[in-house]
Amino acid sequence: MRKTFQKWLFIFVFTAFIITLFISFSIQTRQAEENALHLINLKIEDAKKQIDQNNNNLALVTAINNAEAIDKAHALSQILANKKITTAMLEELLKSISVDEINVVDGDGIIVCTTKKEYLGFDMRSTKQSGEFIAILDDRMKEVIQQPQRVGYDNTTIMQYAAVSRLDAPGFIQIGYVPERLYKAQEVADIEKLASGFRIGTNGKIIVCKNNEIVSSNDDGYLHQSITRLGLSEDSLRNGYIITNIDDVEYICNADSFGDYTIIGLLPTSEMYINRNAMIAFLLICNIILFIVVFILVSQLVQKVVIDGIYNVNDSLQKITAGNLDEEVKVNNNEEFASLSHGINSTVAALKQAISDAAARIDAELEFAKAIQTSSLPNVFPPYPERDEFDIYAAMYTAKEVGGDFYDFYLLDADHLVIVIADVSGKGVPAALFMMTTKTLIKSLAESGMEASRVLTEANAQLCENNDAGMFVTVWLGVLEISTGRLTYANAGHNPPLLLQNGQYSYLTSRSGFVLAGMEGVKYRQNEFILAPGDAVFLYTDGVTEATNVSDELYGEDRLQRVMSENTESSATATISHVKEAVDAFVQDAPQFDDITMLCLRYNGDRTQRLELATKQENMGAAAAFVGEILEKNNVPLKVCTQINIVLDEILSNIISYSGSSRMILECGIKNAAIILRFIDDGKPYNPLEKADPDITLSAENRELGGLGIFMVKKSMDEMTYEYNNNQNRLTVTKKLQ
């Protein structure tokens with residue numbers, strides 16, 4: 001009974017298998033042909049749209065180019081109105097309006113002034129090309145612009161000319177220029193390059209014909225040949241798709257007309273049936289498996305224990321595939337199911353261990369990446385302990401293990417400090433990699449000596465190259481001239497910084513440029529402002545202002561400004577600490593979705609003090625008190641104070657006794673861990689450094705008089721310089737504190 005049942009079951013399932021395979025083959029074949037034609041037609045429609053778009057773009061660029069040329073001619077006519085026109089004037093205007101040639105023509109059609117000396121005296125009526133502009137002499141309202149053409153003087157340069165009537169006299173103003181933008185638009189719209197941008201499948205192609213001639217193809221060997229070379233004709237393509245053989249490859253071919261063009265789509269039949277063959281092979285395998293499974297299952301249907309066992313196993317597997325890896329299969333009705341249960345449980349256990357190991361490895365790698373990223377940013381504070389002209393601090397709090405924000409600062413030289421803050425689009429490892437690239441590039445360009453705006457312009461150009469991921473970055477870059485407080489900056493789409501001046505924080509609202517890596521050809525604007533001692537600049541990323549609390553409320557710029565205004569006297573470190581605490585208090589338990597990065601720069605300026613006094617002996621006490629107060633405030637050691645007082649007494653005595661000056665200026669300050677004294681007088685020029693040092697090995701009787709005091713100054717000080725500027729002697733001595 002069981003054998004008979006199995007025999008008829010086998011015949012039934014096998015017959016169903018053959019019928020299903022035949023039907024599937026027929027359906028898949030028809031579907032493959034329909035899909036191929038649909039794909040070809042889509043590409044043909046795309047080609048039509050591209051042709052139409054190229055033509056529209058070319059027309060638009062031509063119109064813009066012509067309008068701009070006429071506007072320039074009108075502007076030039078207004079500028080030259082009622083002026084004595086000279087060649088030098090035209091050459092200067094040539095640069096300002098970005099043209100290559102300017103001609104002034106009188107009422108007789110003669111060029112009377114020009115930037116091309118060989119054109120002077122040229123009669124515009126003498127050639128057909130130049131004669132077109134004579135119509136302006138008859139109609140002062142007429143504007144003439146020609147199509148680009150070769151100029152007569154060398155027959156190689158292509159120029160475009162435009163002219164309008166003069167406002168102050170008969171005649172007209174003509175400009176000429178090389179229409180580079182129009183060339184580029186024509187190059188993009190060139191129909192010959194169209195087909196190379198379209199490919200059907202892997203080896204399919206688009207061919208564009210006009211009057212049976214191939215005008216565009218991704219195979220250069222077909223260009224400018226008749227389509228009969230491919231065994232085709234426009235008549236044969238009007239009746240629907242055809243199957244043709246080209247260079248021993250069989251293609252399915254369809255075509256459509258578009259204006260004067262016929263667009264042909266070709267797809268190899270081998271590609272057309274790839275999906276069908278794969279599907280039939282898949283169905284064949286599936287049906288064979290199904291045949292075997294159904295045969296076995298049905299033949300064993302009477303054995304309820306098997307069916308029950310299968311259900312029990314499937315229940316456990318469903319829980320496992322749903323993510324419950326703690327589920328165990330416990331079907332032990334017979335040896336086979338016991339073995340199956342053990343195998344599944346062993347596999348799940350191994351999977352759990354693999355997932356755990358992978359998670360641990362990823363966590364370790366991310367921590368290592370975070371350490372690398374953090375180490376690439378300045379993280380030692382104070383970064384320049386020997387510099388007291390400014391106070392700087394920065395911090396970054398990433399939303400993930402690694403982030404896309406970054407800050408940077410570094411000294412270009414002793415008098416220029418660069419500060420940078422940036423925010424890369426996206427999060428995680430891709431943003432971190434893009435951040436490292438951007439940071440390195442900006443620093444390299446800045447250290448080359450470029451100004452801030454050009455650094456961003458060059459960085460944008462390089463970041464746009466091969467930016468397949470479509471990432472971009474906002475950047476604020478500033479360069480502080482430490483000695484003057486002048487800060488030049490450029491902004492590429494970044495949040496406006498807060499500026500502390502006159503005891504109040506306010507947003508710096510200068511216009512921002514476009515983001516870096518967002519669009520090629522962007523040029524950035526440079527701005528500047530002056531920091532006075534006590535002023536500060538606070539830079540931040542949008543992770544601060546867009547921090548969100550549990551009610552989905554943004555922290556916002558107003559809250560940030562209020563917090564900053566409450567801490568106008570704080571150090572750079574304390575300022576950033578206050579802002580972070582305020583943001584944390586606002587968001588409370590809400591998760592951090594974006595990186596938070598801040599940089600604060602407080603400008604202290606040069607702390608040098610000045611004293612002006614009459615060049616008299618009785619003022620030496622006032623000078624000593626002035627210097628002594630500064631030394632005392634800065635806790636200068638007693639030994640150094642004694643040396644400074646000796647130097648002060650010696651040099652002041654020389655100036656009072658020998659300079660012939662009526663007044664003098666004494667400057668004293670501590671800078672870069674050194675005391676600097678500068679003596680300025682308007683007496684007769686005298687450089688004490690030129691006097692030879694006395695020979696102290698000789699006895700007092702044999703030694704030449706004079707010079708010992710200056711010699712003592714040289715020996716006790718670390719540096720001594722002299723210069724004579726603006727009719728003033730300027731003697732500077734420096735004593736290091738370390």
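Tutor: The crossing of α16 and α17 is left-handed; a crossing counts as left-handed if the near helix is turned anticlockwise from the far one by less than a right angle, and as right-handed if clockwise. Helices (H or I, at least four residues) and strands (E, at least two) are DSSP runs, numbered from the N terminus. The model is predicted, local features need pLDDT of at least 70, side-chain atom pairs count only at pLDDT 80 or more, and totals for chains, interfaces and linings use all residues. Residues are numbered from 1 along each chain as its sequence is written, and side-chain values use heavy atoms, with hydrogens and water left out.

Student: At what angle do α16 and helix α17 pack?

Tutor: Two packed helices are described by the angle between their axes and the distance between the axes. Axes are lines fitted to C-alpha atoms, for helices over the stretch in contact, and angles run from 0 to 180 degrees between N-to-C directions. For α16 and α17 (residues 708–716) the axes lie 10 Å apart, and the angle is about 145 degrees.

Student: How do the residues of the contact of α16 with α17 divide by class?

Tutor: Contact means heavy atoms within 4.5 Å. On the α16 side the contact includes Ile 646, Val 647 and Ile 651, and these meet α17 residues, among them Ile 710, Met 712 and Val 713. Ala, Val, Leu, Ile, Met, Phe, Trp, Tyr, Cys and Pro count as nonpolar, Asp, Glu, Lys and Arg as charged, and the others, Gly among them, as polar. The division is 6 nonpolar, 4 polar and 1 charged.

Student: Are α15 and α16 roughly parallel or roughly antiparallel to each other?

Tutor: The axes of α15 (residues 620–633) and α16 (residues 638–658) come within 11 Å and cross at roughly 150 degrees. Angles under 35 degrees count as roughly parallel, over 145 as roughly antiparallel, 65 to 115 as roughly perpendicular and the rest as oblique. The two helices α15 and α16 are therefore roughly antiparallel.

Student: Is the crossing of α15 and α16 left-handed or right-handed?

Tutor: In this contact Ala 623, Val 627 and Leu 631 are among the α15 residues that meet α16, where Ile 644, Leu 648 and Leu 652 are among the partners. The contact residues comprise 10 nonpolar, 1 polar and 1 charged. The crossing of α15 and α16 is right-handed.

Student: Which residues of α14 make the contact with α13?

Tutor: Helices α13 (residues 556–565) and α14 (residues 572–587) have axes 10 Å apart at an angle of about 135 degrees, which makes α13 oblique to α14. Their crossing is right-handed. From α13 come Arg 559, Leu 560, Val 563 and Met 564, and from α14 come Thr 575, His 578, Val 579, Ala 582 and Phe 586.

Student: Which residue takes a positive phi in the hairpin of β17 and β18?

Tutor: Strands β17 (residues 498–501) and β18 (residues 504–507) run antiparallel and are joined by 4 bridges, with Leu 498 and Tyr 507 as bridge partners. The hairpin has 2 residues between the strands, and the phi value is near 55 degrees at Asn 502.

Student: What is the average twist in the sheet with the order β8-β7-β11-β10-β9?

Tutor: This open sheet of 5 strands has antiparallel pairing, and its edge strands are β8 (213–217) and β9 (242–246). Strand β7 (residues 205–210) pairs with β8 over 4 bridges, and Val 208 stands opposite Ser 216. From one strand to the next, the twist averages 35 degrees.

Student: Which residue meets Lys 72 in a salt bridge?

Tutor: A salt bridge is a side-chain nitrogen of Lys or Arg within 4 Å of a carboxyl oxygen of Asp or Glu, and the whole structure has 12 of them. The N to O distance is 3.5 Å, and the partner is Glu 68.

Conventions:
Two strands pair if DSSP finds at least two bridges between them.
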